[in-house]
Amino acid sequence: MEFFTVTQSLLEGFAVTCLLFVLTLVLAVPLGLLISFCTMSKVKAVKGTFKVIVWVIRGVPLMLQLFIVYYLPGMLSPTGLNPFGQLDNFLYFELGIDNGGALIATLIAFVINYAAYFSEIFRGGIESISKGQYEAGQVLGMTKGQIFSKVVLMQVIKRIIPPMSNEIITLVKDTALARVIGVIEIIKVADMFASKAIIWPLFYTGAFYLLFVGLLSLLFNFIEKKLSYYKV
Amino acid sequence: MAFLEVKDLRKNFGDTNVLKGVSFEMDKGEVVSVIGSSGNGKTTLLRCLNFLETPDGGSITVDGACIFPVETTDKKKSTNSSTKFGMVFQNFNLFPQYNALTNVTLAMNLREERALKERKVKGTEKKRLLKEAKAKNEEVAKALLTRVGLGDKMANYPCELSGGQQQRVAIARALAMSPDILCFDEPTSALDPELTGEVLKVIKGLIDEDRTIIIVTHEMGFARNVSDKIIFMADGVIEEMGTPEQIFDHPRSEKTKAFLAKTDE
């Protein structure tokens, strides 16, 4: 019976982990694409600014970024109240959602952090496409948008799948950091058991991660196979 | 008035003057071959005609219409004028993710989409017209691929085709946009020697159809046989221009003589 209740609790934590993972991924990909365009901009000021932003975000620990996103707005606000704390209360009392504010703060930090990493992968992918592909589109009268969406994009996607799968797998495990600002994800749940001297659930969480990452790996293999009909 | 008039065309890359004032004319249905050593501006000339490079000076007139310099800065207009020229590249530049047929139809279909958008056609009407156009384009593409001898390779992807076959798809793709003037930039230079024949044969077939063609080439024999006019470029200018007999049998310029002597070896 104990195994069953622990599994059930861990599953609840794992749902938060999955939610964080999916939302970060869905939001960080478009933002990353936007940042990659900015770091490739011909306008030097834009390019420079975004290069510095990417440097800062990749140069500071994700855990520190979580703290900054969570605490800094409160420190800067004239009332001295932490807006995420207020959001926590609001969501809890109005909608019955636990730790909603912390979850949103985590999401903001994760999306920005992962968008920065993704942007560099996208930049590498886009810049690796030969000039001839753009020129072929141009002499055939295509617009810039058409060249990107119909000619370049699929080639970029094929190129970036291996580095992206690496980054996405890392994201699965980075979600565990969210606990430092109070998000109750799977490891936090296990840790609560540990504080009651039940240690084994901590080890048990590994199985959840392994299973999830295993499924993701299968998915990436499938996509790679699907795209193997052409060479870039 | 000649069909294509290029006057005093200039192009610099930084401090290097690649084109130092190139002028020539050609009539509809003529074939002009551009020869000369590498690095003398032949490819840059073609790239300027196709707007892959913006010339720094001079003018280009096609069929009485000046396409460079254009007074308007309207970007749409400049894409339209660029399709007066078709271009076949040395390295084919096929789109790897599409099969041979889609490589040919893609630009045609996108042109159709743009046209419908400009006419503000929307909804089911747009869908119907687009479907019709796509079916028509597919027929055109199939006919073109059959013409270049690839009727049985339409479903193949570029990575499954030999260099010669890829270049023939590229030729069909350029023809699909029905350009007024077709440009070939060293179309056989990236091919194994045994594959150049099939590509040259296709080009010869186009020439026999009275198409207007400019070829940058190192295939002297081919240039001599098919061209109405030969342009010999040296050091960013047209050193000598004339019929194949004039250039190959009675070159006047010392540079032309030296170049021909080298290619004879």
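User: Before we start, what counts as a contact here?

Analyst: Contact means heavy atoms within 4.5 Å. This is a predicted model, where local features need pLDDT of at least 70, side-chain atom pairs count only at pLDDT 80 or more, and totals for chains, interfaces and linings use all residues. Side-chain values use heavy atoms, without hydrogens and water, residues are numbered from 1 along each chain as its sequence is written, and chains are lettered from A.

User: Which residues of α2(A) and α5(A) meet?

Analyst: From α2(A), A:Lys51, A:Val54, A:Ile57 and A:Arg58 touch residues of α5(A) including A:Ile112, A:Ala116, A:Tyr117, A:Glu120 and A:Arg123. By class, this contact has five nonpolar, two polar and four charged residues (Ala, Val, Leu, Ile, Met, Phe, Trp, Tyr, Cys and Pro are nonpolar; Asp, Glu, Lys and Arg are charged; the others, Gly among them, are polar).

User: Why is α2(A) called oblique to α5(A)?

Analyst: Helix α2 (residues 44-59) of chain A and helix α5 (residues 100-127) of chain A pack at about 120°, with axes 9 Å apart. Angles under 35 degrees count as roughly parallel, over 145 as roughly antiparallel, 65 to 115 as roughly perpendicular and the rest as oblique. That is why α2(A) is oblique to α5(A).

User: And what makes α8(A) and α9(A) roughly antiparallel?

Analyst: Here helix α8 (residues 186-194) of chain A meets helix α9 (residues 200-226) of chain A at about 160°, the axes lying 8 Å apart. Therefore α8(A) and α9(A) are roughly antiparallel. Their contact divides into nine nonpolar, one polar and one charged residue, among them A:Phe193 in α8(A) and A:Phe208 in α9(A).

User: How are B:Lys142 and B:Glu138 placed in their helix?

Analyst: Their closest N and O atoms are 3.3 Å apart, in a salt bridge. Because B:Lys142 and B:Glu138 are four residues apart in helix α4 (residues 123-147) of chain B, about one helical turn separates them.

How values were computed. Axes fitted to C-alpha atoms, helices over the stretch in contact; angles between N-to-C directions. Helix = DSSP H or I, 4+ residues; strand = E, 2+ residues; numbered from the N terminus. Salt bridge = Lys/Arg side-chain N within 4 Å of Asp/Glu carboxyl O.
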